[in-house]
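Take a moment to turn the model around on your screen before reading on. Then let's walk through it together, piece by piece.

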Amino acid sequence: MVALARRVGQDGTVQTAYENGTGPARPAWRATPRPPLVRQRQGKVIAGVAAGLAEHLGVPVVAVRVVLVLTSIPFGAGLVVYVFLWATMREVGDVDPAVASTPTLSPAPGAPVADPATAGGATTPTTASTVRTQHHVDLAAMRTWLRSGNQAVVITLLGVAALAVAGALWLGGAGLDVHAELILPVVAIVIGAIFFWSQLDDTDAIGARRPVRWIWLVVGLGLTILGLVGLLVRGTKLTELWQVAGAVLAALVGVAVLSAPWILRLWSNLRLEQAARIRATERADIAAHLHDSVLQTLALIQRQSGDAATVARLARAQERQLRSYLYDEDARAGTLGAALTAAMGEVEDLHGVPVQLVVTGDRPMDEHLDALVKAVREATWNAVRHASPPVSAYVEVGPDAVEAFVRDHGAGFDLDTVPDDRAGVRESIIGRMERHGGTARIRRRADGTEVELRLPVRQPHEPEPAATTPAPPGAPAAPTAPGTTPSTTTGSTPDPETQEQAS
Amino acid sequence: MTDPRTIRIVIVDDHHMFRTGVRAELTTLAATPRAGAFTLEIAGEAGAVESAVKVITEQRPDVVLLDVHLPGGDGHGGADVIRACAGVQSGADVPVRFLALSVSDAAEDVIAVIRAGARGYVTKTISAEELLTAIGRVADGDAVFSPRLAGFVLDAFGATAGEVAEIDEELDRLSAREREVMRLIARGYQYKEVAKELFISVKTVETHVSSVLRKLQLSSRHELTAWAMGRRLL
């Protein structure tokens, strides 16, 4: 035995099959260990017991369901087993569905679909990952309908079927020794409990994943009470019904009052435990992130500590990454703010000069805003290359227009002296803005240059006109005083030669 | 011009390295002659809420450089220090002024410390010269806004959406002039550049900024806190 295990171990092929060493080689289909006995979330009809059982045993789920239903009919044994398993089996955790549905859950091509009238919906084909070609379309539609939250309907079907079975037994039970007046209330209680528990089952401990459907709780409670009353009023007169109902209610209330503190205690303990687990997970996430990014960067910085520029660039890039992690930049994906942050990050990475970006307001990206981001990027790129820091960019998203200002502290430049073949300013900033209906203007100040961009925008709900309209010439783009601060607008003057530069 | 006054400061930050760095930078810079210079005296340091309160009440400095995140207290960091030191007066019998200094971009941190009573908010990446200017300004009782804080104010008061106060005293909106000042500060303008741009004096700019600070501290604009919770400065 040991030798065998060692030999196979060296062989290294089916080593896992021998780990517990409980016997000779398993058949090939058992090479993977038996999946754990857990209730399945996928492909479940009531609570996923049958699906989980089928997976664990490696038999088709339909067979399990048929057996459960068939054994339920005479003495309710299947039902008892089901409820017992429901109470004891763990629900599957957030397992990857691909992992959860192992190949052992083989499709059952020829499995007979039980008649819904007798099988009572329990065998309605919602088996996990079984693909049956003959009923493919019907099954898919049925499955989506079932998963769309109509479980209660299935449960109702089951209940009606069970009642029908019980009723049939009652009517035809003259020969058989069946106490219908016993069976009917019990069936009512069981169905009520199923209603009640099905809601409990789908509810997460911390905040319901979906709202509890109180109607089903009430219906379940009502059925249970009716069943209990039915059990107790057996053989008594109708006038005593209210007394019995009152007694049942009083008993239920008493139980509720007595058990409430315990349930509350359990509930709060569960919450605490879950909160602790969430914290632990978050902590692990953060640790993983720190290891992947921060520690790596620190190692790089130590190795290149002589190169101040590289160190500064690495530190800045890391800072940006960490900020985006801390402040959850992912949530803003696809908005102007996120695009600008990314563009400024690129510029910083390429040149190592920090850019201070301030954005007020935000809106989803479109092609015009994309042009604006590219123009801002170009202006910032010019600033970090030719001017001196600090470089700052301010973008204001207003109701009518998005305005952007890129400011540096360099000596500035004269647009006339820039050679025509240099596409940077004229093409990438001014031309681009004009093509998208915006304006650009470049102001030279005493201690630097400021590029001002303005792009008219429409409210998201307004229809977009076919042609882009140029910005109104008198738009209050910036709080400037044109009379004394000579600045130039290029919005309506496509010819760059007409531009003046402030001195 | 010749104002040979001494500004006494206390540095409160839980990172010893940062305190040492700021102290060295400020001491070096304050020693070099500058226009309109004041001399700087670092009266003390602290690394937690309780020790900070103790040092501030003992030393009674003019300005406290205050980190937003600090251990101790009620868990609100810098805001706890400001509240505990309410009523403490500096040697010149004016209230001790607080300048918040933080790496945090979270709007809720900023709003918390400003509403607790800080006279300004700058990020730790600020240059030493700018920090020195900011200290001088805060010591004079003026407000110091970083571009980020200005952007935050514009956003929080709905100024970018075109909301403008009809009367200057209205607490829940910025006046047109205040909005212009905030916009220029957000664009990276220094106060004197703002003044030049708007043809007003630096003193008037300071008045406007102080008025915005007052609105930020006193406004009950309902969006302000909720807004701050859901966002961070960019």
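**A helix out in the open**

Of the 63 residues of helix H11 of chain A, the number buried is one, so H11(A) lies largely in the open. Buried here means that 20 or more other C-beta atoms lie within 10 Å of a residue's own; with 12 or fewer the residue is exposed, in between it is partly exposed, and the C-beta atoms are placed from the backbone. Helices (H or I, at least four residues) and strands (E, at least two) are DSSP runs, numbered from the N terminus.

Before going on, some ground rules: this is a predicted model, where local features need pLDDT of at least 70 and side-chain atom pairs count only at pLDDT 80 or more, while totals for chains, interfaces and linings use all residues. Residues are numbered from 1 along each chain as its sequence is written, and chains are lettered from A and ligands numbered from 1 in the order in which they are written.

Back to H11(A), which covers residues 241-303.

Now zoom out to the whole of chain A. Its secondary structure comes to 15 helices and seven strands, and buried residues make up 27% of its 503 residues.

Five strands of chain A form an open sheet in the order S3-S4-S5-S7-S6, with mixed pairing. Two strands count as paired if DSSP finds at least two bridges between them. The edge strands are S3 (355-360) and S6 (439-445) of chain A, each pairing on one side only. How do strands in a sheet hold on to each other? They pair through backbone hydrogen bonds, either parallel or antiparallel. S3(A) and S4(A) (residues 391-397) run parallel and are joined by six bridges; in S4(A), Val391(A) is the bridge partner of Val355(A).

Which helix of chain A lies across S3 and S4 of chain A? That's H13(A), residues 336-351, running at about 175 degrees to S3(A). (Axes are lines fitted to C-alpha atoms, for helices over the stretch in contact, and angles run from 0 to 180 degrees between N-to-C directions.) Chain B joins in too: its helix H6 (residues 147-156) packs on the sheet, touching S3 and S4 of chain A, and its direction makes about 10 degrees with that of S3(A).

That brings us to where the chains meet: 21 residues of chain B are in contact with 21 residues of chain A. Contact means that the C-beta atoms of two residues, placed from the backbone, lie within 7 Å. On the chain B side, H6, H7 (176-186) and H8 (191-198) are the elements that give two or more residues, and H6(B) gives the most, with five.

Finally, follow some strands inside chain B. S4(B) (residues 97-102) and S5(B) (residues 120-123) run parallel, joined by four bridges, and Ala100(B) has Tyr121(B) in S5(B) as its bridge partner. S5(B) also pairs in the parallel sense with S6(B) (residues 144-145) over two bridges, where Tyr121(B) stands opposite Phe145(B).

Methods
The expected span of a helix is 1.5 Å times one less than its number of residues.
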